[in-house]
Every structure is written in C-alpha cells, then in structure tokens.
Amino acid sequence: MSRRAYVNKDIPITEIRRVKRDLQKFVDLYEKVTFIEELYCDETVKSAMERRGKTPQTGYKWLKTWNDEGFDGLFRKEGSGRISKLSDYQLEILKNNITVKGLSSISDIKNEIQNEFGVTYSERHLRRLIFDLGLLDIINSNKIK
C-alpha cells in the first residue's frame, strides 16, 4: 500500500489550472514549429500531420500562416475563437446571480442562464465558463453549506 504524498496547497487549484492553460499555447506553438521543421527536412504535409492526428488541411493552414507571418503567425490569435453567447455585461449579471442566489450545481446555473438570458450551454462548456469567471471556489463553498 502506498502513502499519499504531502502537497502544499497554498496556491488554489484555479490558479494552477490557469497557468496550465497559459502554457498550452506554448505546447501548441512547439507542435507547429516542429511541423515546419519537418517540412524543412522534406517531409510531406500529409505525413507530418498524420503523425499529429490532424488533417492535412490544418497543416496547409499552418504552412500558409508560416509563409505569410513566420513565428508570429503560429501563435493562436486572441479572440480567434467563437463569439460568446453572452455579452460581458450579461456575464457580470450571471456572476452576481450565482453568488447572490448561492447556486452550486451545473444544472442550477444552466437553468439560471436559460431563464435569465434565453441561452443554452452544454454542461461541459458551463464548467469552463464557471472557471473563466473565477467562480469555481464560490461554487465549491456553496456546495459545502
């Protein structure tokens, strides 16, 4: 039987997850630069992307970005994702509602969003949204009560 290791938990898990998310963009950049390096060594786009489990179309997008912008183009652009269903103002209202009403379950928050804004999120996306709003600690403390 193995013993549990002592872990200093002075830093909240939300901070650890934020740092992990920030580091992910460097992992993604490393993958793209390695792809370009393989092309320098006469690898085909198709075989280089198969090795990564991605489509050749993605490889051609990376290659075009590299040819047009170099290293800078390989970084993921801020705001290049999908537009949020809720505005920043609505997210602030939601954050306030969660804390004031003491909502602690994903289904309660999902219902609150549906009733307040008429928007539906998947439970998976709601977990990310809660994390991004910095509400993970509040929700966990609501569950304890």
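Trainee: Where is Asn 67 placed?
Mentor: Asn 67 is in helix α3. Helices here are DSSP runs of H or I with at least four residues, strands are E runs of at least two, and both are numbered from the N terminus.

Trainee: Is Asn 67 buried or exposed?
Mentor: Exposed, because Asn 67 has a relative accessible area of 55%. Exposed means over 50%, buried means under 20%, and partly exposed is in between (1.4 Å probe, protein chains only).

Trainee: What separates the C-alpha atoms of Asn 67 and Phe 117?
Mentor: A distance of 43 Å, with the two residues 50 residues apart along the chain.

Trainee: What should I know about the model itself?
Mentor: It is a predicted model: local features need pLDDT of at least 70, side-chain atom pairs count only at pLDDT 80 or more, and totals for chains, interfaces and linings use all residues. Residues are numbered from 1 along each chain as its sequence is written, and side-chain values use heavy atoms, with hydrogens and water left out.

Trainee: New topic. How many aromatic pairs does the structure hold?
Mentor: It holds 3. Rings of Phe, Tyr and Trp (its six-membered ring) pair if their centres lie within 6.5 Å; planes under 30 degrees apart are stacked, over 60 edge-to-face, the rest tilted. One of the pairs is Phe 35 with Trp 62, edge-to-face, at 5.6 Å centre to centre and 75° between the planes.

Trainee: Which parts does that pair tie together?
Mentor: Phe 35 lies in helix α1 (residues 13–40) and Trp 62 in helix α3 (residues 56–69), so the pair links parts 27 residues apart in sequence. Phe 35 is buried, at 0% relative accessibility. Trp 62 is buried too, at 11%.

Trainee: And Trp 66 with Phe 71, what are the numbers?
Mentor: That pair is edge-to-face, 5.0 Å centre to centre, with 90° between the planes. Trp 66 is buried at 16%, while Phe 71 is partly exposed at 49%.

Trainee: On to helices. How do α5 and α6 cross?
Mentor: The axes of α5 (residues 88–101) and α6 (residues 106–117) come within 11 Å and cross at roughly 130°. Axes are lines fitted to C-alpha atoms, for helices over the stretch in contact, and angles run from 0 to 180 degrees between N-to-C directions.

Trainee: Which residues make the contact?
Mentor: Among them are Ile 93 and Leu 94 of α5, and Ile 109 and Phe 117 of α6. Contact means heavy atoms within 4.5 Å.
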